[in-house]
Amino acid sequence: QVQLVESGGGLVQPGGSLRLSCAVSGSRFNIRTMGWYRQAPGEQRDLVAGITRNGITNYADSVKGRFTVSRDNAKNTVYLQMNSLKPEDTAVYYCNTVDLTWNWGQGTQVTVSS
């Protein structure tokens, strides 16, 4: 049974930063292309960043230049560094493979507000 555990969310002022973590257990993490997703209230869950097994990254236009995805295959963990946060970044953030291979974790709430 694969488990995804997201952490690192919180309340931050506009312009602030947060670093999210997603720990994966129960699967061969290092062969997967991983993604960070977010879902705001009343909206669909969207992919915002992806990273291949070899560290090649891509980003949604809305976060490009502000977010950085990385991974540590030895720790089975993927990270999302979020800088210059905006109120529209407020959402629950989740990780999964880009193929949505696994069941979703509980996510971590990010709230950007003054």
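Mentor: A residue is called buried when its relative accessible area is under 20%, exposed when over 50%, and partly exposed in between, using a 1.4 Å probe and protein chains only. By that rule Tyr 37 is buried, at 6% relative accessibility. This is a predicted model, in which local features need pLDDT of at least 70 and side-chain atom pairs count only at pLDDT 80 or more, while totals for chains, interfaces and linings use all residues. Residues are numbered from 1 along each chain as its sequence is written, and side-chain values use heavy atoms, with hydrogens and water left out.

Trainee: How many aromatic pairs does a search of the whole structure find?

Mentor: Rings of Phe, Tyr and Trp (its six-membered ring) pair if their centres lie within 6.5 Å; planes under 30 degrees apart are stacked, over 60 edge-to-face, and the rest tilted. Here the search finds two pairs. One is edge-to-face: Tyr 37 and Trp 104, 5.1 Å centre to centre with 90° between the planes.

Trainee: Where do Tyr 37 and Trp 104 lie?

Mentor: Strands (E, at least two residues) are DSSP runs, numbered from the N terminus. Tyr 37 belongs to strand S4 (residues 34-39) and Trp 104 to the loop between strand S9 (91-97) and strand S10 (108-112), so the pair ties together parts that are 67 residues apart in sequence. Trp 104 is partly exposed, at 35% relative accessibility. The rings of Trp 104 and Tyr 94 also form an edge-to-face pair, because their centres are 5.6 Å apart and their planes stand at 70°. Tyr 94, in strand S9, is 10 residues from Trp 104, and Tyr 94 is buried at 10% relative accessibility.

Trainee: Which residue lies over the face of Tyr 94?

Mentor: A charge sits over a ring if NZ of Lys or CZ of Arg is within 6 Å of the ring centre and within 35 degrees of the ring normal. Arg 45 lies over Tyr 94, at 3.8 Å from the ring centre.

Definitions and conventions: Helices (H or I, at least four residues) and strands (E, at least two) are DSSP runs, numbered from the N terminus.
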